[in-house]
Every structure is written in C-alpha cells, then in structure tokens.
Amino acid sequence: ALCIKKLNEFPMEDGLVQVTDDNIDDILDSTYELLLVFCQRNLPKCLGYREPTTKAAKMLAHLDNPVYIGEVNMGTSFNVVERYNATEYPEYINVYSFGRDPEKLKFPISDISIAKAAMSHAHIEIVEIKTMKDWE
C-alpha cells in the first residue's frame, strides 16, 4: 500500500512546512494544493515576510481542517525554484499536484492577507477576520 504522509509529518519550522528539492514530490503527493513562500532568510528583502507568514501559519493550524504553508529556501532548493520559476524575494505561489498551473500571487504582505491566500484555494471563506485576536 502506498503510504501518503500528512503535511504536518514533513519537517516544520515555526509552523511552516520546509519544502526542499528532496521532498517536493512527496509533499505534492500528500496534498492537492499548497501555498509556497520562496525566500532566503538572510536577505534583507526577506526579513519582513517571515513574521506575518509564521503568524498566518499558526492561525491556519487551528482550523478544523488545518491549512499549511510551505517555505522554500531559494538558496538551497534550486530545483523547486526553477520548477516554479520563482524570481522575486519573497514570492508567494499556489502550487498544485496536477491539472492546474502554478499561480503567482501578489498581495500586501500581512498575516491576514497570507492566511486568506492560503485558505482561498482550500475553499474556505474567511468571514470578517481582522486581527489575531479573532482567532484566539
């Protein structure tokens, strides 16, 4: 029998699934779609994205059906970067295991906008969630 891992069984850091060249295919086997965040943590441009992204991930983990966000280190996972043609720092891309092209997303970077982006493709509507307080 094919054993499909759950997303939260992959390496996680600060609530973000760590997506690498070695595990990207296994990850896509375990979910139909996933919001990937591409960056390189030591780059000044990338410093601002991580806190709102990890906040969003913590919110999403509390859902009845948790939604996960994948983090790709552009400095080490060159194949994933190439596969999805990630060129910006940071870059948010919705990826699919089959049947749909990746979608590059542009939005103001905040915990709410990132959570909404991750949830919209999980077909969950957010109704009037404005701050972290609403999640607590």
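Are F38 and Y84 buried or exposed? Both F38 and Y84 are buried, where buried stands for a relative accessible area under 20%, exposed for over 50% and partly exposed for the range in between, computed with a 1.4 Å probe on protein chains only. The views below come from a predicted model, in which local features need pLDDT of at least 70 and side-chain atom pairs count only at pLDDT 80 or more, while totals for chains, interfaces and linings use all residues. Residues are numbered from 1 along each chain as its sequence is written, and side-chain values use heavy atoms, with hydrogens and water left out.

**View A. The aromatic pair of Y32 and Y96.** Three aromatic pairs are found in a search of the whole structure, a pair being rings of Phe, Tyr or Trp (its six-membered ring) with centres within 6.5 Å, called stacked when the planes are under 30 degrees apart, edge-to-face when over 60 and tilted for the rest. The ring centres of Y32 and Y96 lie 5.5 Å apart and the planes meet at 50°, so this pair is tilted. Distant parts of the chain are linked here, since Y32 sits in the loop between α1 (24–30) and β3 (33–39) and Y96 in strand β5 (residues 91–96), 64 residues apart; helices (H or I, at least four residues) and strands (E, at least two) are DSSP runs numbered from the N terminus. Y32 is partly exposed at a relative accessible area of 30%, whereas Y96 is buried at 6%. Together with F98, Y32 and Y96 form one aromatic cluster.

**View B. The aromatic pair of F38 and Y84.** With ring centres 6.5 Å apart and planes at 65°, F38 and Y84 form an edge-to-face pair. F38 belongs to strand β3 and Y84 to the loop between α3 (78–83) and β5, 46 residues apart.

**View C. The salt bridge of D25 and R83.** Seven salt bridges are counted, each defined as a side-chain nitrogen of Lys or Arg within 4 Å of a carboxyl oxygen of Asp or Glu. The side chains of D25 and R83 meet at 2.9 Å, N to O, and this pair links helix α1 with helix α3 across 58 residues. D25 is partly exposed at 44% relative accessibility, and R83 is partly exposed at 41%.

**View D. The salt bridge of K106 and E91.** The closest N and O atoms of K106 and E91 are 3.6 Å apart. K106 is exposed at 65% relative accessibility, whereas E91 is buried at 1%.
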